[in-house]
Amino acid sequence: MTEHPHESPTLDDLVTSDPEVLGGRRVFRGTRVPVEILFENLADGMSIDEILDQYESLDRDDVARVLELASATLAHPSAA
């Protein structure tokens, strides 16, 4: 999928699932880091900086956008 320069990436741009990678768990595209790791670590009290330090393959902008999209989806579930 080609990203347009003035459009923000969607979850499909940022997250992928492949049966050959971690048994199909949803991971940040281009990494082997499952998306749930982000939420589990935040729930455990880690900061985004700490998570990025621990998972160096993650991109700060991608992490921020996934959080933004998750928040929007939860706040407006009918806007799917």
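1. A residue is called buried when its relative accessible area is under 20%, exposed when it is over 50%, and partly exposed in between. Asp 49, with a relative accessibility of 43%, therefore counts as partly exposed. The structure discussed in this note is a predicted model.

2. Overall organisation. The protein chain contains four helices and two strands. Read from the N terminus, the order of the elements is α-β-β-α-α-α. The chain has 80 residues, of which 29% count as buried. Among contacts with a separation of 6 or more, 34% are between residues 24 or more positions apart.

3. In soluble globular proteins, nonpolar side chains tend to be buried together. The largest nonpolar core here has 14 residues, and the members that touch the most others are Phe 28, Leu 38, Leu 58, Val 63 and Val 66. At least two residues of this core come from each of helix H2 (35–43), helix H3 (48–54) and helix H4 (60–75). Val 63 illustrates the packing: leaving aside residues up to four places away in sequence, Val 63 touches Phe 28, Leu 38, Ile 48, Leu 52 and Leu 58.

4. Helix H4, geometry and start. H4 consists of 16 residues and spans 22 Å from its first C-alpha to its last, close to the 22 Å expected at 1.5 Å a residue. The N-terminal end of H4 is capped by Asp 59, which places a side-chain oxygen 3.0 Å from the backbone nitrogen of Asp 61.

5. Helix H4, its two sides. Which residues of H4 are buried? They are Val 63, Arg 65, Val 66, Leu 69 and Ala 70. These residues lie on the same side of H4, because they cover an arc of only 165° around the axis. Asp 61 and Ala 75, on the other side of H4, are exposed. The cover over the buried residues of H4 includes helix H1 (11–14), strand S1 (15–17), strand S2 (26–28), H2 and H3.

6. Helix H2. The buried residues in H2 are Val 35, Ile 37, Leu 38 and Asn 41. Viewed down the axis of H2, they fall within an arc of 160°, so they line one face of the helix. The elements against which they pack are S1, S2, H3 and H4.

7. Salt bridge between Arg 25 and Glu 36. Side chains of opposite charge can pair when their charged atoms come close. The count of salt bridges in the model is three. In one of them, the side chains of Arg 25 and Glu 36 meet with an N to O distance of 2.4 Å. Since Arg 25 is in the loop between S1 and S2 and Glu 36 is in helix H2, the pair ties together parts that are eleven residues apart in sequence. Arg 25 is partly exposed, at a relative accessible area of 37%, and Glu 36 is also partly exposed, at 29%.

8. Salt bridge between Asp 49 and Arg 60. The closest N and O atoms of this salt bridge are 2.2 Å apart. The pair links distant parts of the chain, with Asp 49 in helix H3 and Arg 60 in helix H4, eleven residues apart. Arg 60 has a relative accessible area of 45% and is partly exposed, and Asp 49 is likewise partly exposed.

9. Salt bridge between Glu 68 and Arg 65. Here the closest N and O atoms are 2.4 Å apart. Both residues belong to helix H4, where Glu 68 and Arg 65 are three residues apart, about one turn of the helix.

10. Thr 31. This residue is placed in the loop between S2 and H2. Its relative accessibility is 12%, so Thr 31 counts as buried. The side chain of Thr 31 reaches the backbone oxygen of Phe 28 at 2.7 Å. Not counting residues up to four places away in sequence, Thr 31 touches Ser 57 and Leu 58. Both Phe 28 and Leu 58 are among the core members that touch the most others.

Methods:
Residues numbered from 1 in each chain as written. Predicted model: local features only at pLDDT ≥ 70, side-chain atom pairs only at ≥ 80, totals over all residues. Heavy atoms only, no water. Core = buried A, V, L, I, M, F, W, Y, C linked by side-chain atoms within 4.5 Å. Buried < 20%, exposed > 50% of the residue type's maximum accessible area, 1.4 Å probe, protein only. Contact = heavy atoms within 4.5 Å. Expected span 1.5 Å × (residues − 1). Arc of directions from axis to C-beta. Polar contact = N/O pair within 3.5 Å; in protein donor to acceptor, adjacent residues only side chain to side chain. Salt bridge = Lys/Arg side-chain N within 4 Å of Asp/Glu carboxyl O.
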